[in-house]
Amino acid sequence: MTIRLLGACLLALASCMSAHAAEQSHHDWQPLFDGKTLDGWRASEAPGSFSVRDGAIVVRGPRSHLFYVGPVADHDFRDFELQLDVMTRPGANSGVYFHTAWQDEGWPAKGYEVQVNNSQSDTKRTAGLYAVEDNYQAPVGDDVWFTLRIRVEGNRIRTFVDDKPIIDYTQPAQPERPADMSGRVLSSGTFALQAHDPDSEVHYRNIKVRVLP
């Protein structure tokens with residue numbers, strides 16, 4: 001009887017440890033881009049605007065959006081931290097959407113856009129929440145790699161460039177949005193990289209996410 005009881009206890013302990021390890025793994029950093037292919041990603045109206053070169057996703061071409069459709073969290077994120085290495089070419093405009101959803105064409109109607117733009121004519125600069133909480137000072141220059149980090153917890157959104165805080169925004173209970181941006185609110189969803197126009201070139205690499213408890 002004692003041996004059986006001990007065995008049952010050990011089995012329960014092992015099960016508990018396994019569940020804890022699985023939960024811990026779920027909240028670790030997980031890559032969204034393999035550095036070689038666009039596996040796990042799907043482009044909308046102009047797929048040719050996205051390619052892979054030298055371990056990075058190169059964004060250049062007509063308007064299109066590259067949506068993450070891979071297995072991590074079943075591409076449906078609520079509270080998370082997303083990190084990307086980014087390099088803009090002079091005059092480039094792009095963006096990183098979160099809490100968004102696949103659509104065949106057009107600017108994503110759902111979710112927030114974190115601006116990526118250090119020198120283009122649009123004065124809204126990198127790491128701002130486009131048309132919600134904008135940033136008008138470029139945190140870095142073109143032609144250099146920098147790390148963009150986006151953290152969403154509850155109703156709070158924070159952005160960082162090379163660990164420097166840029167935006168700290170808390171969405172109000174009843175956010176006011178213009179009719180064409182009614183979907184720019186927190187919910188849940190996937191990520192998307194924006195190809196803005198044929199004259200813009202932006203590179204993204206080391207894309208990873210961790211789900212927050």
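The structure discussed here is a predicted model. Within it, A127 is placed in the loop between β8, residues 112-116, and β9, residues 146-153.

**The open sheet**

- Five strands make up an open sheet in the order β2-β5-β12-β7-β8, and their pairing is antiparallel.
- The strands β2, residues 41-43, and β8 stand at the edges of this sheet, and because each has a single partner strand, one side of each is left without a neighbour in the sheet.
- Going from one strand to the next, the twist has an average of 20 degrees.
- Inside the sheet, β5 pairs with β12, which covers residues 190-195, in the antiparallel sense over 4 bridges, and L66 has L193 in β12 as its bridge partner.

**β9 and the strands that pair with it**

- Strand β9 is mostly covered, since 6 of its 8 residues are buried, a word that stands for a relative accessible area under 20%.
- β9 pairs with β6 in the antiparallel sense over 7 bridges, and L82 stands opposite I150 in β9.
- β9 also pairs with β10, again in the antiparallel sense, over 6 bridges, and here I150 stands opposite T159 in β10.
- The strands β9 and β10 form a hairpin with 2 residues between the strands, and in this hairpin G154 takes a positive phi near 60 degrees.

**Aromatic pairs and a cluster**

- Across the whole structure, a search finds 8 aromatic pairs.
- In one of them, the rings of F67 and W102 have centres 5.2 Å apart and planes at 65 degrees, so this pair is edge-to-face, given that planes over 60 degrees apart count as such.
- This pair links distant parts of the chain, for F67 is in strand β5, residues 64-68, while W102 is in the loop between β7, residues 94-100, and β8, and the two are 35 residues apart.
- F67 counts as buried because its relative accessibility is 1%, whereas W102, at 30% relative accessibility, counts as partly exposed.
- F80 and F98 form an aromatic pair that is edge-to-face, with 5.6 Å from centre to centre and 65 degrees between the planes.
- Because F80 lies in strand β6, residues 80-88, and F98 lies in strand β7, their pair ties together parts of the chain that are 18 residues apart in sequence.
- Both F80 and F98 are buried, and both belong to one aromatic cluster that is formed by W41, Y68, F77, F80, F98, Y112, Y169 and F191.

**Charged ends over rings**

- The charged end of R63 sits over the ring of W107, at 5.0 Å from the centre of that ring.
- In a second case, the charged end of K208 sits over the ring of W29, at 5.1 Å from the ring centre.

**The surroundings of H99**

- H99 lies in strand β7, and with a relative accessibility of 0% H99 counts as buried.
- A polar atom of the H99 side chain lies 3.4 Å from the backbone oxygen of F77.
- If neighbours within four places in sequence are left aside, the residues in contact with H99 are F77, R78, F80, K110, G111, V152, L186, S187, S188, G189 and T190.

- Because its relative accessibility is 0%, A127 counts as buried.
- D163 is likewise a residue other than glycine with a positive phi, in this case near 70 degrees.
- The place of D163 is the loop between β10, residues 156-161, and β11, residues 164-170.
- D163 is exposed, because its relative accessible area is 57% and the word exposed applies to values over 50%.

How values were computed
Residues numbered from 1 in each chain as written. Predicted model: local features only at pLDDT ≥ 70, side-chain atom pairs only at ≥ 80, totals over all residues. Heavy atoms only, no water. Buried < 20%, exposed > 50% of the residue type's maximum accessible area, 1.4 Å probe, protein only. Phe/Tyr/Trp six-rings, centres within 6.5 Å; stacked < 30°, edge-to-face > 60°. Lys NZ or Arg CZ within 6 Å of the ring centre and 35° of its normal. Polar contact = N/O pair within 3.5 Å; in protein donor to acceptor, adjacent residues only side chain to side chain. Contact = heavy atoms within 4.5 Å. Pairing = 2+ DSSP bridges. Axes fitted to C-alpha atoms, helices over the stretch in contact; angles between N-to-C directions.
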